[in-house]
Amino acid sequence: SVIVGFCNGLAIVIGLAQLHPFQDPKTHEWKSGAEVWIMVLICLASMCTMEFLPKIPLKIFKVIPSSLMAIVVACIIEFAIVRPAGWVDRPFDAAKPCLARLDNGRCAGTMTIKDVSEFTAETRFPIPFFVDYKSISYDLKATQNGDALLKIFIQGILLTLVGSIESLLTSEVVESYTKTPGDGQRTLLAMGAGNILSGFFGGMGGNAMIGLSTVNCLNGGTGRLAPITTALVVLICTMGAYDVLNFIPVAALAGIMLVVVLHTFKWFSIKLLLTAVLPQFILDKMNLKKRVPRYEVLVIVAVTVLAKFPDGTNVAYAVFVGAAISAWGYAWASGNAFDIREEYLETGQKKKIVSVDGPLFFTYANRLSKILKPETDPAQVEVRLSSSLTSAMDFTGIHVLGQAADGYKKENKTFIVRALDSNKDMWDPASLAQTEGEIGATGSEELVKVIGKVSIDPY
């Protein structure tokens with residue numbers, strides 16, 4: 001559920017980011033007139049090419065990436081139809097370059113990469129941050145004080161958390177395409193090494209982005225050769241073919257990323273939300289059934305929303321909240337897995353048996369304390385743990401068993417805890433102490449370890 005919410009949240013973040021080209025860069029108001037309609041046309045053409053070209057039953061379309069063809073189609077519309085026809089002109093901004101100026105001083109056509117962030121010969125090569133260069137200047141003196149270093153440290157921690165979480169969850173999503181298991185440690189190690197190298201050359205931090213990873217997988221790049229090829233091609237384009245990149249319409253890039261959004265968003269989660277909130281009689285009419293607990297749907301909604309809203313939240317906060325809700329829901333649901341029954345010995349003496357499924361932790365412990373009643377229970381009480389005791393068994397569970405043992409001892413009654421493994425090393429040594437040595441157990445030839453006044457008898 002956390003991964004589903006993560007995908008939905010990132011899809012919303014990426015989708016909203018694609019709306020910026022359709023807004024005025026100064027006023028942030030929506031563009032109007034022919035410009036916005038042509039941009040929408042280019043965007044839709046890119047989306048259709050990206051989505052449906054691979055479905056054409058021709059081998060050539062299985063080889064050529066659909067995202068590349070989407071850019072080619074967008075450039076054909078922009079430079080072979082829109083600009084020669086003179087359908088679009090827009091105001092000239094002296095602060096930014098313009099790909100083509102008209103006689104009236106306005107810019108021709110829709111916005112391209114050159115109009116937004118131009119690639120030039122001066123910026124094509126990576127320059128180390130400590131080297132003075134005419135196109136790049138870093139004010140390193142601004143970082144030489146305590147406040148600046150504290151801000152850098154805090155931002156570094158937050159970026160580490162966001163990058164690690166997004167990379168690991170993106171790896172989970174990519175595995176659904178590649179059908180092969182990933183290695184989280186190698187993923188984080190590679191991300192860290194790449195960020196160190198990028199920072200050395202003055203670049204921004206990065207991580208395994210779900211958008212680009214999805215584009216790669218949708219175009220058939222499911223092996224390790226695909227991302228290596230992608231990186232090399234990007235390197236060649238930015239260092240050698242940067243002039244060509246300046247001609248790409250930004251509406252085409254928005255269309256490609258919107259297709260990624262459509263594939264990233266888990267649309268079945270909407271159905272899960274409806275089954276969780278709609279009344280049963282409406283679900284019966286719609287032939288829908290509740291497939292997951294409501295708290296799982298709450299996790300999906302919480303992670304989806306907190307990934308973007310309100311301001312100041314990010315993927316890290318969203319995942320932490322989702323994980324906390326999931327843990328709470330699991331603990332609550334696990335607390336209902338009790339099986340309580342009473343048995344009689346051959347002598348006719350009554351014996352109470354309490355069977356517990358799963359590890360004993362605080363949720364079980366609170367309910368178990370209400371079930372074990374030394375004053376009214378029979379002379380023999382037995383607690384059976386169906387799974388091996390592990391170190392995950394917390395102090396609360398051990399404390400409740402210890403209290404119960406003291407209570408039954410005061411009432412001169414027998415209290416035994418049976419587990420699949422009687423190894424005392426599996427108990428928390430900080431919470432327990434071996435106080436009564438070893439005693440024999442009824443019906444068992446082995447000695448019983450007495451730890452914290454609780455008899456642990458193996459099956």
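# Close-up views of the predicted model

View 1. R106 is partly exposed, with 29% relative accessible area (buried means under 20%, exposed over 50%, and partly exposed is in between, using a 1.4 Å probe and protein chains only). What you are looking at is a predicted model, in which local features need pLDDT of at least 70, side-chain atom pairs count only at pLDDT 80 or more, and totals for chains, interfaces and linings use all residues. Residues are numbered from 1 along each chain as its sequence is written, and side-chain values use heavy atoms, with hydrogens and water left out. R106 makes a salt bridge with D89, and their closest N and O atoms sit 3.5 Å apart (a salt bridge here is a side-chain nitrogen of Lys or Arg within 4 Å of a carboxyl oxygen of Asp or Glu). The pair ties together distant parts of the chain, 17 residues apart: D89 is in strand β1, while R106 is in the loop between β1 (89-90) and β2 (107-108). Strands are DSSP runs of E with at least two residues, helices are runs of H or I with at least four, and both are numbered from the N terminus. D89 is partly exposed too, at 34% relative accessible area.

**View 2. Two Glu–Lys salt bridges, K31 with E35 and E51 with K55.** The whole structure has 8 salt bridges, and these are two of them. In the K31–E35 pair, the closest N and O atoms are 3.1 Å apart. E35 is buried, at 11% relative accessible area, and K31 is buried as well, at 13%. For E51 and K55, the closest N and O atoms are 3.3 Å apart. Here E51 is partly exposed, at 22%, whereas K55 counts as exposed, at 54%.

**View 3. The disulfide between C98 and C107.** The structure has 1 disulfide, and C98 and C107 form it, with their sulfur atoms 2.3 Å apart (the cut-off is a pair of cysteine sulfur atoms within 2.5 Å). C107 is buried, with a relative accessible area of 2%, and C98 is buried at 15%. C43, on the other hand, is in no disulfide: the nearest cysteine sulfur belongs to C48, 9.5 Å away. C43 counts as buried, at 5% relative accessibility.

**View 4. A nonpolar patch on the surface.** L16, L19, W30, L273, V277, V301, V305 and F309 make up this patch, with about 680 Å² of accessible area together. Patch members have over 30% relative accessible area and no salt bridge; nonpolar side chains (Val, Leu, Ile, Met, Phe, Trp, Tyr) are joined within 5 Å, and like charges within 9 Å. Areas come from the Shrake-Rupley method with a 1.4 Å probe, and for residues only the protein chains shown count as cover. Helices α12 (268-277) and α14 (294-306) each supply at least two residues of the patch. F309 lies in the loop between α14 and α15 (315-334) and counts as partly exposed, at 42% relative accessibility.

**View 5. Zooming out to the chain.** The chain has 17 helices and 9 strands. Of its 459 residues, 37% count as buried. Its accessible surface comes to about 26500 Å², with 64% of that belonging to carbon and sulfur atoms.
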